[in-house]
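Me: I'm new to this one and would like to go through its aromatic rings with you. Could you take me through them step by step?

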Amino acid sequence: NLLRAGVTAKNFGSTSNSLTNITVDSTQQFQAIDGFGYTFTEGSAHIISQLPALEKSRLLTELFGSDDNSIGVSYLRLGIGATDLSTAVYSYDDMPAGQEDPTLANFSIAKDMAELVPLLKQALLINPSIKLLATPWSPPVWMKDNSSSIGGSLKPQFYSAYANYFVKYIQAMQTQGLPIYAVTPQNEPLHPGNNPSMYMTATQQADFIKNNLGPAFAAAGIQTKIIIYDHNCDRPDYPLSVLGDGAARAFVDGSAFHLYAGNISVLTDVHNAYPDKNVYFTEQYTASSGNFSNDLVWHLKNVVIGSARNYSKVALEWNLANDPGFGPYTAGGCNTCLGALTVSNSGYTRNVGYYIIAQVSKFVPAGSKRIVSDNSGTLSSVAFLRADGKKVLLVLNEASSQQDFNIKFNNKWTATSLPGNSAATYVW
C-alpha cells in the first residue's frame with residue numbers, strides 16, 4: 001500500500017502517551033539534497049515521444065511541475081551515448097570497422113537530438129533547476145581494446161581523445177540549453193557484460209581523471225562535477241582507491257553507488273573516510289516480475305531512506321519509461337526492467353518506481369537539508385528541513401500490521417498511525 005498523499009498538518013501538543021516516538025531534531029543538519037528522479041534514457045524519450053502532444057505535455061508537467069498534481073522530479077541521469085535501454089547501440093562518434101577518429105572530427109549528438117533533447121528542453125522549461133548527471137555505458141568502440149560495445153577497456157592512446165569526447169558532449173548539450181551538472185566516467189565499471197559496457201579498474205579511472213578528464217575540463221573552463229565509481233555498495237575499495245590518489249581526488253566531487261550488491265551503509269563509510277567529498281545514489285531498478293508492495297517497501301527503506309540517512313545527496317531509480325514489452329532495450333540489454341511509467345498508444349500507467357520517487361520528490365525540493373529522525377522497530381524514517389522552514393518526515397512501516405506512533409518535535413507530540421507495508425510523508 002502507498003499513502004502518496006499522506007501529508008498531514010499535525011497539531012503538536014504536550015500530552016504524552018505510551019506510543020513509540022519518532023523524534024525529529026532540526027538543529028542537527030547533514031547533507032544538502034540535490035534532488036530525486038530517474039534515468040531519462042534515450043529509450044524513455046523514444047517511448048514518451050510517441051504520445052500525442054497534449055498527453056505528452058500533461059505527463060511532463062506531472063513529472064517535473066510543482067503544483068498539487070505534480071511530483072516535482074528534480075534530478076535526471078542521462079546516458080552519454082546509448083544505455084542498454086536505448087533503441088540501438090550508438091556513441092557520438094561511430095566509425096566504420098577498422099577506422100578511428102582521434103580528433104573527433106565526426107562527433108555529433110544527432111541521435112539524441114531527435115527525441116531526447118527536445119523532451120529535456122520541455123522538462124527544463126517546466127523546472128529550470130533540474131540537475132542533469134550524464135554517464136557513458138561505453139565509449140566509441142574504436143577507442144576500446146576489443147573493438148566491441150560489450151566489455152573491453154579504453155586503449156591508453158585514446159585517454160586524451162575520450163576526455164575531449166566528454167568536453168564535446170558537455171559543450172553540445174550546453175548549446176542546446178541543457179547544462180550538465182555532473183558526469184561519472186563509466187557506468188558500472190566492474191560489470192563488462194552489459195551492452196553497451198566497459199571494464200575500468202580503479203587505477204584506470206584515477207589515471208583517466210587526473211591525467212585527462214580533469215585537466216580537459218579545466219582547460220575548457222567546464223565546471224561540471226566529476227563523480228566516480230557509479231557501481232555497487234559491495235566494493236567501497238574502488239572509490240576509496242580513486243580518492244586515495246591525491247592528484248585524482250583534486251578533480252573529484254564525490255562517489256556514486258548502486259545497490260545490486262552490498263549494504264547501503266557503505267555510503268557512510270566512504271563519507272567518513274573523505275568527509276569533504278559527496279556521495280550519491282544513482283541507480284536501482286524494479287523488475288517486471290516484482291511485487292508492488294515488496295518493491296515499494298524495499299526501495300523506500302534502502303534507496304530513499306537508506307541512502308539519505310547515509311549522506312547521499314540524491315536518490316535515483318533506474319529507467320523512467322518503457323513500453324508494455326519492457327522495451328526498447330539493446331541486444332543483451334535488460335529485458336525485465338520495469339520503467340517508472342509504462343507508456344502505450346493509449347496513455348501511460350504509473351508503476352512502483354514512480355511512487356518510490358514521488359513519495360519524497362513531491363515534498364523535498366533541492367536545497368533541503370537532512371535532519372535527525374529516529375528509526376523504531378518496523379518504522380524507518382528520514383527527515384528534512386526545507387528552505388521555506390517546513391519540516392518533512394517520511395515514515396515507512398515494514399510490518400504487515402498497523403503501527404501507531406508519535407511524531408515528536410520540540411518536546412511536543414502528535415499521534416498518528418500507518419497501515420502495514422505503507423509509507424506516509426508528513427509536513428509541518
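Me: How many aromatic pairs are there?
Reply: This is a predicted model, and the count in it comes to 23 aromatic pairs. One of them joins Trp137 and Trp318, whose rings are stacked, with 5.8 Å from centre to centre and 20 degrees between the planes.

Me: Where do Trp137 and Trp318 sit in the chain?
Reply: The pair links distant parts of the chain, 181 residues apart: Trp137 belongs to the loop between β4 (131-135) and α5 (159-175), while Trp318 is in strand β10, which covers residues 312-319.

Me: And is Trp137 buried or exposed?
Reply: Trp137 has a relative accessible area of 1%, so it counts as buried, and Trp318 is buried as well, because its relative accessible area is 5%.

Me: OK, what about Tyr159 and Phe208, how are their planes arranged?
Reply: Tyr159 and Phe208 form an edge-to-face pair, with 90 degrees between the planes and 5.8 Å between the centres. This pair also links distant parts of the chain, since Tyr159 lies in helix α5 and Phe208 in helix α6 (residues 202-220), 49 residues apart.

Me: Why does Tyr159 count as buried?
Reply: Tyr159 counts as buried because its relative accessibility is 11%, and the cut-off is under 20%. Phe208 is buried too, with a relative accessible area of 0%.

Me: Which cluster do ring pairs link Tyr159 into?
Reply: Ring pairs link Tyr159 into a cluster whose members include Tyr90, Tyr92, Phe107, Tyr162 and Phe208.

Me: Changing topic, which ring does the charged end of Lys131 sit over?
Reply: The charged end of Lys131 sits over the ring of Tyr181, 5.1 Å from its centre. Arg370, for its part, lies over the face of Tyr311, at 5.1 Å from the ring centre.

How values were computed
Residues numbered from 1 in each chain as written. Predicted model: local features only at pLDDT ≥ 70, side-chain atom pairs only at ≥ 80, totals over all residues. Heavy atoms only, no water. Phe/Tyr/Trp six-rings, centres within 6.5 Å; stacked < 30°, edge-to-face > 60°. Helix = DSSP H or I, 4+ residues; strand = E, 2+ residues; numbered from the N terminus. Buried < 20%, exposed > 50% of the residue type's maximum accessible area, 1.4 Å probe, protein only. Lys NZ or Arg CZ within 6 Å of the ring centre and 35° of its normal.
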